[in-house]
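Thank you for making time this morning; I would like to walk you slowly through one model. Please have a look at the sequence and the fold before I start.

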Amino acid sequence: MLQPIAAFDRLGTETAFEVLARANQLAAEGRSIINLGIGQPDFRTPDHIVEAAKDALDRGEHGYTPAAGIPSLRAAVAVDLKRRHNVDVDPNSVLITPGAKPVMYFAIMMLGEPGADIMYPNPGFPIYESVINFTGATAVPIELHESEGFAFSADEVLAKVTDRTRLIILNSPSNPTGGVVPAEEIDKLVAGLAAYPETIILSDEVYSWILYGGSQHVSLLSYPEIRDRLILLEGWSKTYAMTGWRIGYGIFPPSLFAHAERLAVNSYSCVNAATQHAAVAALEGPDDDIHKMVKAFDERRELIIRELNNIPGVRCADPGGAFYAFPNIEGTGFDSQTLQKKLLEEAGVAVVSGTSFGAMGQGYLRLSYAASSEEILEATKRIRDLLS
Ligand SMILES: Cc1ncc(COP(=O)(O)O)c(C=O)c1O
């Protein structure tokens, strides 16, 4: 059998895509499947954004663009960050990427090697741990606890930072828990990191717009003392319901930007032109569609949390952001993987095992509530029936 290099034995995956494939297969066989597995808004991209892409195609925007993105989009990102977080960002530090995912890949590939430690949230987005392991760096978990609303404790993080810590990955609001880190913890962490000036921070803020119940998002960009060692990951997928367009961005410190751009040139050259013009329209257009979407998510959040807490053996904390519920299922007597499988195969409900997000996810499931209220009600009824 043909074999790639040994490092591939350490490369993980995002199980949500496997669950999606199995759910689609069962649906194609005629089964009734409710998909709360994959994390994407169930809304259409707003019309004015779609129109901007069509106009770009009609105008003949069919060629390569600069690897880092079209200048108007890089400038629009800087204006948007000023508007939202009141921070000054040089458009030259903005790298437009096909989805935000390459930003984490580039950051980890750039900094990970045997002998280096990279800290990452656990439970957390699975690609962090996967790529850290791929590079041969040591993946050091930042353990997130239900009892603390799945927000990291700055003291716990700082206790694990050493001179070997090359990169710390943070993600708030979080996938898979919906946890939002309070400003005081971030203040404390940033203050403590003054003692480790060589440690770089990757802040994944892809859910920064999706907040509930008065939760506030604090961007790591608003801490001038770490700006020279901060990589920001943001994007359009979740905010503008644009997962399939594949567009996101990274803000890189000057010393790292050229390396990230070179990785872009070595892999995908540039993001497709029409999508970049659509992304300008998204940033420059009204925010109404975002507010509508977040309001709908908020209503569904209330519904799913209430329904999950009515299921025997299930307990679910109230998420402050993103669109995931992360219920504790220890009381059901099943482990997470077994319950994920049973729910899909026997009840036709696609969810993702908490263990897909790291070892700390044992005892939990992730349910995306980017689905209609009817689907949420039917899914939670099926789960209750299976477990009663
Ligand atoms: C925490 C987190 N970061 C980044 C991404 C990447 O999103 P995309 O590549 O679609 O922009 C996702 C997508 O699920 C996510 O959940």
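This is a predicted model: local features need pLDDT of at least 70, side-chain atom pairs count only at pLDDT 80 or more; totals for chains, interfaces and linings use all residues.

In which helix does H85 lie? H85 lies in α3, which covers residues 71-85, and here helices (H or I, at least four residues) and strands (E, at least two) are DSSP runs, numbered from the N terminus. Residues are numbered from 1 along each chain as its sequence is written, and side-chain values use heavy atoms, with hydrogens and water left out.

Staying with H85, is this residue buried or exposed? H85 is buried, at a relative accessible area of 16%, where buried means under 20%, exposed means over 50% and partly exposed is in between, using a 1.4 Å probe and protein chains only. Leaving aside residues up to four places away in sequence, H85 touches E205, H217, S219 and L221, a contact being heavy atoms within 4.5 Å.

Let me turn to the sheet. It is an open sheet of 7 strands with mixed pairing, in the order β2-β8-β7-β6-β5-β3-β4, and two strands count as paired if DSSP finds at least two bridges between them. Because β2 (94-97) and β4 (138-143) stand at the edges with a single partner strand each, one side of each has no neighbour in the sheet. On average, neighbouring strands of this sheet are turned by 20 degrees against each other, direction ignored, with axes being lines fitted to C-alpha atoms, for helices over the stretch in contact, and angles running from 0 to 180 degrees between N-to-C directions.

Going through some of the pairs, β2 and β8 are antiparallel over 4 bridges, and V94 stands opposite I251 in β8. Strands β7 and β8 also run antiparallel, joined by 4 bridges, with E234 opposite Y249 in β8. By contrast, β5 (residues 165-171) and β6 (residues 200-204) run parallel, with 5 bridges between them, and L167 has I200 as its bridge partner in β6.

Within β8 (residues 248-251), G248 and G250 point one way, Y249 and I251 point the other way, and all are buried. In a regular strand, side chains alternate between the two faces of the sheet.

Finally, helix α8 (residues 254-267) lies across β2, β6 and β7 (230-235), running at about 20 degrees to β2.
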